[in-house]
Structure formats: structure tokens, C-alpha cells
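Colleague: I have a model open and want to learn how to read it. Where do we begin?

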Amino acid sequence: MSYTSSNRDSGSRNVRRNVPEFGRTYIVMPKEIHKATIVWLHGIGEKGSSWTQILESFNLPHIKWICPSAPIRQVTLFGGYPCTAWFNMTSMSEDACDDLEGLDASATHVANLLTGERDDVKLGVAGFSMGASVALYCATCRAIGQYGNGNRFPINLSAVVSLSGWLPCSRNLRNRVVASHEAARRAASLPMLLCHGQADDVTEYKLGEKSAETMYSAGFQNLTFRSYNGLGHYTNIEEINDVCTWLIAYLGG
């Protein structure tokens with residue numbers, strides 16, 4: 001494992017200037033021929049290195065993992081307590097869109113991290129909990145072709161993975177996708193894997209399931225939803241194996 005400082009432009013020119021700076025970015029290099037690069041987004045209160053050991057254990061020798069660290073910000077849901085978070089939120093729900101600027105800043109940061117990859121390398125975004133929510137938001141940006149602020153989303157995503165996440169700002173998603181033939185085509189062709197534990201007491205299972213249903217009905221037809229009996233707000237071997245199998249199928253592992 002190696003790490004680099006996050007000195008790339010985070011796209012803050014397009015959002016408010018008081019967005020906190022992103023932290024250190026950690027890189028897990030592929031062990032064999034480099035075929036794909038995935039940005040992995042951690043959960044709230046974690047940092048980029050929180051998942052690197054798990055990612056290194058994946059039997060995916062052709063994938064490079066980029067693991068950025070979220071900014072430290074006050075989170076209203078937690079009484080304003082400062083912690084690493086990809087965006088601010090007052091509630092955990094599908095309709096909530098409390099911090100569109102924060103979501104756009106994080107999605108822009110993801111895109112910037114992938115911009116320097118070779119043209120023959122497939123690109124993806126994945127995450128856990130709040131990080132998974134940003135991954136799903138990136139999927140909507142890819143389909144619609146722009147961020148919430150109207151700026152162009154520049155990355156051609158080949159895979160999106162969400163573990164214990166939910167879709168933020170889902171209101172009017174279907175209308176925005178079906179309004180454009182190109183957006184509908186991109187949504188239908190984007191491979192997505194959403195996984196959720198039925199015993200999750202942080203991001204409730206029903207919220208994850210509803211997010212999957214919302215995205216599928218909006219046109220994301222290449223979407224797989226998997227549930228895990230007894231799994232809480234964490235991962236396990238069964239889920240990891242499913243993720244690896246799915247990534248090998250779509251990215252070559």
C-alpha cells in the first residue's frame with residue numbers, strides 16, 4: 001500500500017469556497033496487469049486508510065484502488081459534531097438533499113481522482129455507508145451527464161458498488177433521466193451492485209432497498225440488489241465474495 005497527499009484540484013471552483021479540504025488519499029496498486037481503477041469512499045468518521053487492508057485482501061489483482069479521505073466538517077445529524085464526512089446531512093432519508101454543494105464537491109473530487117487514468121483502464125466508484133451514497137450520487141451524475149450544479153460530469157463509469165448505502169437527493173430522479181434519450185441510455189447501461197444487511201441498524205435495510213427500487217424504476221436497469229440475513233452495518237466474507245465476483249464479471253478483476 002502507498003499513499004499520496006490529496007493535492008489535486010477538488011473542483012471547489014464550482015461550489016462554495018468554504019468547503020473543507022479533502023484529506024490524504026491512499027492507493028492500493030494492482031498486483032498484476034492494470035485493467036481497472038475504482039475510487040473507494042469510506043463511511044462517516046473514517047478515513048481513506050480505513051478500508052485499504054480489506055481491499056488488499058480482495059482477490060482482484062488487476063484493480064487499482066484509490067481511497068480518498070473526506071473533509072472534516074460539522075454534521076447536523078450528529079448535533080454539529082465535527083467528523084470526516086462527504087457531505088452534511090440533517091436526516092438519513094432518500095428525499096433529503098440538505099447539502100447538494102457538498103455532494104457535488106465530493107463527486108467532483110471522485111471525478112478528478114479518475115481523470116488521470118489511462119484510456120484503456122475501466123473506471124468505477126464504490127463505497128460504504130455515506131461513501132456508498134456518494135457513489136450512487138455519482139451514478140446519477142453519470143447518467144444525467146452533469147452534477148447537481150449543472151456542470152458537466154466528465155467520467156465514463158463502468159461500475160458502481162454500494163455497501164450499506166442510500167441514494168441522496170432522489171426526488172425527481174426519474175423525470176431527469178427519462179427527459180433525455182442519452183441519459184436514459186447511460187442509466188440503462190451502467191452496471192451497479194447494491195448490497196445491504198437486513199440487520200443494519202444505522203442505514204436501515206428498508207432505506208437501502210427503497211434506493212435500489214428508485215434507481216431501477218428511474219431507468220438503471222443493469223442494477224443488482226443483494227441482501228444479507230443477519231448482517232449489520234458492516235461487511236462480511238459473503239458480501240465481499242459477492243462484490244469480488246461481480247467486479248470480475250464487469251471489470252475483469
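**Strands first, then rings**

Modeller: Begin with a strand pairing: β9 and strand β10 (residues 223-228) run parallel, joined over 6 bridges. Keep in mind that this is a predicted model.

Colleague: Which residue in β10 stands opposite leucine 194?

Modeller: Phenylalanine 225 does. Now follow the chain from β9 to β10: it passes through helix α6 (residues 205-217), and this β-α-β crossover is right-handed.

Colleague: Which strand pairs with β9 over 4 bridges?

Modeller: Strand β8 (residues 159-163), again in the parallel sense. Leucine 163 has cysteine 195 of β9 as its bridge partner.

Colleague: How do I read the two faces of a strand?

Modeller: In a regular strand, side chains alternate between the two faces of the sheet. Check each face of β9 in turn. Met192, Leu194 and His196 lie on one side, and Leu193, Cys195 and Gly197 on the other; all are buried.

Colleague: How many residues of β9 (residues 192-197) are buried?

Modeller: The count is 6 of 6.

Colleague: Now the aromatic rings. How many aromatic pairs does a search of the whole structure find?

Modeller: It finds 9. To read a pair, take the ring centres and the angle between the planes. Planes under 30 degrees apart count as stacked, over 60 as edge-to-face, and the rest as tilted. Tryptophan 51 and phenylalanine 128 lie 5.2 Å apart, centre to centre, with 45° between the planes, so the pair is tilted.

Colleague: What does the pair of tryptophan 51 and phenylalanine 128 tie together?

Modeller: Parts that are 77 residues apart in sequence, because tryptophan 51 lies in the loop between β3 (36-41) and α1 (52-57), while phenylalanine 128 belongs to strand β7 (residues 122-128).

Colleague: Is tryptophan 51 buried or exposed?

Modeller: Buried, with a relative accessible area of 5%. Phenylalanine 128 is buried too, at 7% relative accessibility.

Colleague: How do the rings of tryptophan 246 and tyrosine 250 sit?

Modeller: Their centres are 4.7 Å apart and their planes meet at 45°, so this pair is tilted. Tryptophan 246 is buried at 6% relative accessibility, whereas tyrosine 250 is partly exposed at 30%.

Colleague: Which residues do ring pairs link into a cluster?

Modeller: Trp40, Trp51, Phe58, Trp65 and Phe128.

How values were computed:
Residues numbered from 1 in each chain as written. Predicted model: local features only at pLDDT ≥ 70, side-chain atom pairs only at ≥ 80, totals over all residues. Heavy atoms only, no water. Phe/Tyr/Trp six-rings, centres within 6.5 Å; stacked < 30°, edge-to-face > 60°. Helix = DSSP H or I, 4+ residues; strand = E, 2+ residues; numbered from the N terminus. Buried < 20%, exposed > 50% of the residue type's maximum accessible area, 1.4 Å probe, protein only. Pairing = 2+ DSSP bridges. Right-handed = clockwise from strand over helix to strand, strands pointing away.
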